[in-house]
Amino acid sequence: MIVVTMGNMSTFIDTLLAPLQYEFMQRGMIAAILVGIVCAVVGSYMVLRGMAFFGDALAHTILPGIALGYLVSGGAREPLFWWSLGTSIVAALGIGAISKNSQIKEDTAIGIIFAGMFALGIALISTVRSYAVDLSHFLFGDVLSVSTSSLWLILIFGGIVLLIVFAFYKEFTTLSFDPVLAATLRLPVGLLNNLLLTLIAVTVAVSLQTVGVALMVAMLVTPAATAYLLTHRLSHMMILGAVLASLSGVIGLYLSFYLSIASGAAIVLTATAFFMIAFGWKQITQK
Amino acid sequence: MYPHTHHQQDQPILDVLSLTVRYNGRVALEDLTFHLHEGERVAVVGPNGAGKSTLFKAIAGVLQPNFGEVKIYGSRPRGHVCIGYIPQRTQVDWNFPVSVADVVMMGRSAKLGPLNWPHKKDWEVVHHALETVEISNLAARQINQLSGGQQQRMFIARALAQEAELMLMDEPLSGLDTPAQEGLLNLLDRLKTENVTVMVATHDLDQAANHFDRIMLLNHRLIAFGYPDEVLHTDNLLQAYGGRLKPVDGQNILSVDDCCDDGEHEHIH
């Protein structure tokens, strides 16, 4: 049992406020919250449609695009958003087309392309001297170096993604639950599928600086999956997922600040802990 | 409003001409020709893999025929929103986070059109549909809390909310216990007053004979299509089921040794 006295309370508040004196922490917090909301909403569809592997592959596939942008712009970070956005959309629609038309099984085709592209990205980045540091930022994120202009890009593009999901909520939900019904209702199934792939791609680009390529799939599916265990309606799943993802971002950054651990990893570990708790609770209450 | 085709009321609700569908290089349906009248109830009977699901998907316009054509009120199915396809229960993700009313509302997606959220009128349609199938008390339930019979009723309500005029039901009776089967068959009888045309894929020859206007015997080809007493002859059944049909010793009974999912055997007297 924890007894909170007035003295303890004020040190607790100090603990919470101390990191926020730093502007990079404030920006990081805002970025983590925004990214968490967008990832959980889009990720809800990915969890329900079994697209985790696709999300993981997509995030890895854009590395050569980022690397190319990095080489072309001589190491500047600002243009990288646009490079990752472009590569991500092309890769998402490309993977979508391949998995539909391929003779090889879908997951094998995706696996071959994603590993190949990922290797190409590493090869490109390895031509630069500061290779190790830069690569680790792309792979695992660097949310504490988010600039104000990057924050605006996250806000604008994340907002567009949320608006489109809101506008086509009933279509995406019908399509995800019963594609045959969507087809018999003459919904534009191909168009909607590609729109959803594009939204996932934009989400990946928006989230890149927060968790990086290698941990991206966790932001996309872990909070959404946690919410899936605890809710019975898709809208509730999206909202709870967004709350859990934002909380994971904030708690993760505090852990990162006080324990000096990598920010992306701290956020993902927090989200994973939420999932484990929900999973355990579900196991206990169902028996 | 998503685009859809208007009906030519002087044309039959369903007109199938020389329909041929190949699936992964194999012939699933070969040269099917038949037509249905409005308000008719037809049982589609045949062994597993006979092409029943394929036929329904081709009629619904989800699968493109390789040869021949399907016409709904005189035009191709691709533009029609009046076809309700009710999937096999095993094809559905029952843990999907939606309520019964949510699923029934999905049937309104086409009528609502893009960028519209359900209006009061749409919720009224949904509740009326749930009343018709007698599960309005379950509207707020998550779908994995339904029994097998209730699951089928929910999908029928969805087709009603869609204002479907042709309902294609893929094995709605399999896996249900007898009371649930009877309840569902009674419901289908009542739908006749709503002038809904129904095609039901089934394994049960007895039910097909007792509850449907006409029976279609299918095994890739159309073996017979007509009134139950015309269709259910040993010759026809042997053609449909081939070696899986064995006369029971000394009696005028045929046993269908069909590999159903639940391993049940079917009998016809």
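**Entry 1**

A residue is buried if 20 or more other C-beta atoms lie within 10 Å of its own. I started from that cut-off, and I kept in mind that this is a predicted model. My pick was A:Met219, which I found in helix H11 of chain A, residues 189–230. Is A:Met219 buried or exposed? I counted 32 other C-beta atoms within 10 Å of A:Met219, so it is buried.

Next I looked up what A:Met219 touches. Leaving out residues up to four places away in sequence, I got A:Val35, A:Cys39, A:Ser207, A:Val211 and A:Ala245. I also checked A:Ile37: it is 182 residues from A:Met219 in sequence, yet their C-alpha atoms are 9.7 Å apart in space.

**Entry 2: where chain A meets chain B**

How many residues of each chain are in contact with the other? I noted 20 from chain A and 22 from chain B. On the chain A side, the elements giving two or more residues are helix H9 (169–177), helix H10 (179–184) and helix H12 (234–259). I sorted that side of chain A by class and got 11 nonpolar, 4 polar and 5 charged residues.

**Entry 3: chain B as a whole**

I moved on to chain B, where I listed 9 helices and 12 strands. Chain B has 269 residues, and 44% of them count as buried. I then took the contacts in chain B with a separation of 6 or more: 67% of them join residues 24 or more positions apart.

Chain B is divided into two domains. Domain 1 takes in 1–82, 165–181 and 192–243, while domain 2 is 97–164. I put their centres 24 Å apart, going by C-alpha atoms. Across the boundary, 13 residues of domain 1 of chain B are in contact with 10 residues of domain 2 of chain B. The domain 1 side of that contact has 10 nonpolar, 2 polar and 1 charged residues.

**Entry 4: the sheet in chain B**

Here I traced an open sheet of 6 strands in chain B, with mixed pairing and the order E5-E6-E7-E3-E8-E9. Which strands stand at the edges? They are E5 (83–86) and E9 (221–226) of chain B; each has a single partner strand, so one side of each has no neighbour in the sheet. The twist averages 15 degrees from one strand to the next.

E8(B), residues 214–219, pairs with E9(B) in the antiparallel sense over 5 bridges. One pair I wrote down is B:Met216 with its bridge partner B:Phe225 in E9(B). E8(B) and E9(B) form a hairpin with 1 residue between them, and B:His220 in the turn has a positive phi of about 65 degrees.

Then I looked for a helix against these strands. Helix H1 of chain B, residues 52–60, lies across E3 (41–45), E5, E6 (166–170), E7 (197–202) and E8 of chain B. H1(B) runs at about 155 degrees to E6(B).

**Entry 5: helix H9 of chain B**

My last stop was helix H9 of chain B, residues 234–241. Which residues of H9(B) are buried? I noted B:Leu237, B:Ala240 and B:Tyr241. Seen down the axis of H9(B), these buried residues fall within an arc of 80 degrees, so they line one face of the helix. Just after H9(B) I came to B:Gly242, which takes a positive phi of about 55 degrees.

Terms used: Residues numbered from 1 in each chain as written. Chains lettered and ligands numbered in written order. Predicted model: local features only at pLDDT ≥ 70, side-chain atom pairs only at ≥ 80, totals over all residues. Pairing = 2+ DSSP bridges. Helix = DSSP H or I, 4+ residues; strand = E, 2+ residues; numbered from the N terminus. Axes fitted to C-alpha atoms, helices over the stretch in contact; angles between N-to-C directions. Contact = placed C-beta atoms within 7 Å. Domains from an automatic or database assignment. Nonpolar A, V, L, I, M, F, W, Y, C, P; charged D, E, K, R; others polar. Buried ≥ 20, exposed ≤ 12 C-beta atoms within 10 Å, placed from the backbone. Arc of directions from axis to C-beta.
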